[in-house]
Amino acid sequence: VTVVTGFIGLFKSLGLATATVQAPQVSHAELNGLFWLNVAFGAAALLVAVAAAPLLAIVYAEPRVTPLIAGLSVTFLLGGLGVQHHALLRRWMRFGTIAWIEISALAVGTVAAIFFASEGAGPWALVGGFVVSEIVNLALVWYAVDWRPTRPRFDARIGEMVGLRRDLTQFDVLHYWARN
């Protein structure tokens, strides 16, 4: 389940965080457009995972895979909501804050998974741990970054930024399969 969802998760940001980090200047309009694209990509990744789950259950000859993939895919949408906030922290070089957020989210998610397992949740304990970790990560990154999105609008430069990240995403896909 995690190999498949890890691959689909590559598409929640499509390298747009890198665009935020590397751009000489980033306006609110550009950040806002990138934010809403990340949310859309996260939602699309969730839908693709849910749609592919029954096929993957057939491939793995394991029907329990279908609901597990669907449950774990919620993290795509949650992750998409935090991509630009994380990018801003990297842009501002607040690496201590990033580390604190990631360690805190991992710790809370691990405790949640252990609790769910102790309550007899089986493999759902791992799914619950991942989801809780992503929720904590999202809450902390939004707390750490003052920037807030506004209603969706797309600056003309957004298309440029997306186009420049296409090659990075292709590399990420090849690299993911080489490692996994």
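A polar contact here is a pair of N or O atoms within 3.5 Å, where one must be able to donate a hydrogen and the other to accept it. Keep that in mind as we walk through this predicted model.

Stop 1: Select N38, which you will find in helix α3. Buried means under 20% relative accessible area; N38 has 0% relative accessibility and therefore counts as buried. Now show Q84 as well: the side chains of N38 and Q84 make a polar contact at 2.8 Å.

**Stop 2: the two helices.** Next, colour α3 (residues 28-59) and α6 (residues 83-91). Their axes lie 8 Å apart, and the helices pack at an angle of about 135 degrees, so α3 and α6 are oblique to each other. To see the contact, display L31, L34, F35 and N38 on the α3 side, and V83, Q84, H85 and L88 on the α6 side. By type, the residues of this contact are five nonpolar, three polar and no charged.

**Stop 3: the aromatic rings.** The structure holds four aromatic pairs. In the pair of F35 and W147, the ring centres are 5.9 Å apart and the planes stand at 65 degrees, so the pair is edge-to-face. Where does W147 sit in the chain? W147 is in the loop between α8 (124-144) and α9 (157-179), so select that loop: the pair links distant parts of the chain, 112 residues apart. Both F35 and W147 are buried.

Key:
Residues are numbered from 1 along each chain as its sequence is written. This is a predicted model: local features need pLDDT of at least 70, side-chain atom pairs count only at pLDDT 80 or more; totals for chains, interfaces and linings use all residues. Side-chain values use heavy atoms; hydrogens and water are left out. Axes are lines fitted to C-alpha atoms, for helices over the stretch in contact, and angles run from 0 to 180 degrees between N-to-C directions. Helices (H or I, at least four residues) and strands (E, at least two) are DSSP runs, numbered from the N terminus. Angles under 35 degrees count as roughly parallel, over 145 as roughly antiparallel, 65 to 115 as roughly perpendicular and the rest as oblique. Contact means heavy atoms within 4.5 Å. Ala, Val, Leu, Ile, Met, Phe, Trp, Tyr, Cys and Pro count as nonpolar, Asp, Glu, Lys and Arg as charged, and the others, Gly among them, as polar. Rings of Phe, Tyr and Trp (its six-membered ring) pair if their centres lie within 6.5 Å; planes under 30 degrees apart count as stacked, over 60 as edge-to-face and the rest as tilted. Buried means under 20% relative accessible area, exposed over 50%, partly exposed in between (1.4 Å probe, protein chains only).
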